[in-house]
Amino acid sequence: MMATRRNTRLRSLQPTNILSGISDPTERNSAGLIDCKSMCSAALRRLATLLACVSFAPYLHAQSTPTPPDPPRDLTVLILGDSLSLCGFGKRLDKKFRADPRVKSVFTYCACGTNPLSWLKEKPYAHVQTHCGYWSIESLPDSHAIKELRDIYGMTRGHTPKSHPVPKLEDLLAKIQPDILVMQTGANLFGLFSGREKVKPDHDAAMLRKYLVPFVKKAITPPSKLRKIYWVAPPTSGRVPGEVQEFVFEQTQNDIGSVTHVIDGRKLIVYPYKHMEPDKEHFDGEDMDRLTDKVFVEIDRDLSAQSWSDVRPLSESIARLTPVAAPSATPAAASLIVKAKLVSKTEPIRREQLLPYQEFLVGFVYDVEEVIAGKYEDKQILVMHPAYIGLRRQSLGKFHIGRSYELQLRGLDGSIWSTVKSKDDSGRIDLEPYIRIQDEARYPKSAR
């Protein structure tokens, strides 16, 4: 009787609602008493299961919450460049933009020997062609595929590029409707200084402005939809005095910096470069990759600084540009005719130092004996003569020191020859350079 009561009491104390209600008969011993060891083991198993469910709950919640979509790829980028872009800058920057999730399409055009005006329809560059290298990479509609045309030195042994028309900005803006323009240029503007080591601030600033402002003004004039222009100024050149390079950069910043984001290439890569060409200006390989990557980092930093929807169209910024006219077209007749005696000649550079360019000018200084037509007041005059045309050495032996010549001239500024590479050892920084009308007409027709 006592045993029965005790068993009944124990059964009444069975923990059926403790630790998930353990009441399975297997959890009792043979005497009908609760097996504590079995009970605890089962309780721990159920507790572990409960904790696992709790920890899994956030994952289930995350799976039920949709992931926000990536930002739309809706930006179109236009990249223009000169011969430095042909050395790998253009191709690598093109790839960088194509990998950017903000960018829908990229159009890249690199043309050797170009300056900013080469890309415009205005004279004297309205029909200009490049014949020392061309590379274009274009996005195809509704596709990640590209159309590529590459024609540069070194593609195969002895390969010489053909002539290619330089694309015109007006056409590209209308057809592509880019949001962003990257302009890599500036090294060919060093030719405006005719090999001088010193600058004439007032004269040279006005001269440079004619090549910078008209391009930017055309780029942001409606119906252009550009919102950003990144102007990549050249890295250090080993063929141009530092004073000239600094002056060109400062004037670029002064003239168009209010509208464009000017990037100083000299601060991004250290001179001298590895894999540098004989002209001490062009280079490729890891240094060019490094330059390109740093340029893209600066562009990306600027693009990420604010929401694209807050970036205003550049057409609203036209008033910030100083009004200026582009260089005039080549006149049909000479603006100046003089009788003058040759007193000094500059020796040309070697042909291998010229590549990838094909034209080159050298400075001759003459004593002015008579002004036949036009107006000229200095006692001496600086005349630039072609030393190379189409990489062919020109005969300058017919010009003898001490002999007098009748020279039909026009100012080099505004000429199609104005940004051609040149050299002048006279040191006559005070003399404005001229070119003979006969030589003006000798500029390669394939490049007009």
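1. The crossing of H5 and H6 is right-handed; a crossing counts as right-handed if the near helix is turned clockwise from the far one by less than a right angle, and as left-handed if anticlockwise. The axes of H5 and helix H6 (residues 242-256) come within 9 Å and cross at roughly 50 degrees. Axes here are lines fitted to C-alpha atoms, for helices over the stretch in contact, and angles run from 0 to 180 degrees between N-to-C directions. H5 and H6 are therefore oblique to each other; angles under 35 degrees count as roughly parallel, over 145 as roughly antiparallel, 65 to 115 as roughly perpendicular and the rest as oblique.

2. The model is predicted, local features need pLDDT of at least 70, side-chain atom pairs count only at pLDDT 80 or more, and totals for chains, interfaces and linings use all residues. Residues are numbered from 1 along each chain as its sequence is written, and side-chain values use heavy atoms, with hydrogens and water left out.

3. On the H5 side, the contact with H6 involves Pro-201, Asp-204, Ala-205, Leu-208, Arg-209, Leu-212, Val-213 and Val-216. They meet Phe-247, Val-248, Gln-251, Thr-252, Asp-255 and Ile-256 in H6, where contact means heavy atoms within 4.5 Å. By class, the residues of this contact divide into nine nonpolar, two polar and three charged. Ala, Val, Leu, Ile, Met, Phe, Trp, Tyr, Cys and Pro count as nonpolar, Asp, Glu, Lys and Arg as charged, and the others, Gly among them, as polar.

4. As a whole, the chain has nine helices and 16 strands. Helices (H or I, at least four residues) and strands (E, at least two) are DSSP runs, numbered from the N terminus. Of the 448 residues, 47% count as buried, that is, under 20% relative accessible area, with exposed over 50% and partly exposed in between (1.4 Å probe, protein chains only). Among contacts in the chain with a separation of 6 or more, residues 24 or more positions apart account for 77%.

5. Seven strands form an open sheet with mixed pairing, in the order S5-S4-S2-S1-S7-S8-S9. Strand S5 (146-151) and strand S9 (261-264) stand at the edges with a single partner strand each, so one side of each is left without a neighbour in the sheet. From one strand to the next, the twist averages 10 degrees.

6. Within the sheet, strand S1 (residues 75-81) and strand S2 (residues 103-111) pair in the parallel sense over seven bridges; two strands pair if DSSP finds at least two bridges between them. Leu-78 stands opposite Phe-107 in S2. Helix H4 (residues 169-176) packs on the sheet and touches S1 and S2, its direction making about 165 degrees with that of S1. Helix H5 (residues 201-220) also packs on the sheet, touching S1, strand S7 (180-184) and strand S8 (228-233), and its direction makes about 155 degrees with that of S8.

7. H4 and H5 pack with their axes 10 Å apart, at an angle of about 20 degrees; they are therefore roughly parallel to each other. Their crossing is right-handed. Leu-169, Glu-170 and Leu-173 of H4 make the contact with Phe-215, Lys-218 and Ala-219 of H5. This contact has four nonpolar, no polar and two charged residues.

8. S7 and S8 run parallel and are joined by five bridges, and Val-182 stands opposite Tyr-230 in S8.

9. Leaving aside neighbours within four places in sequence, the contacts of Lys-228 include Asp-179, Asp-302, Gln-306, Trp-308 and Val-311. The C-alpha atoms of Lys-228 and Val-311 are separated by 8.3 Å, although the two are 83 residues apart along the chain.

10. Helix H3 (residues 83-98) and helix H7 (residues 286-303) pack at an angle of about 45 degrees, with their axes 9 Å apart. That makes H3 oblique to H7, and the crossing is right-handed. Among the contact residues are Leu-84, Phe-89 and Arg-92 of H3 and Met-288, Asp-289 and Phe-296 of H7.
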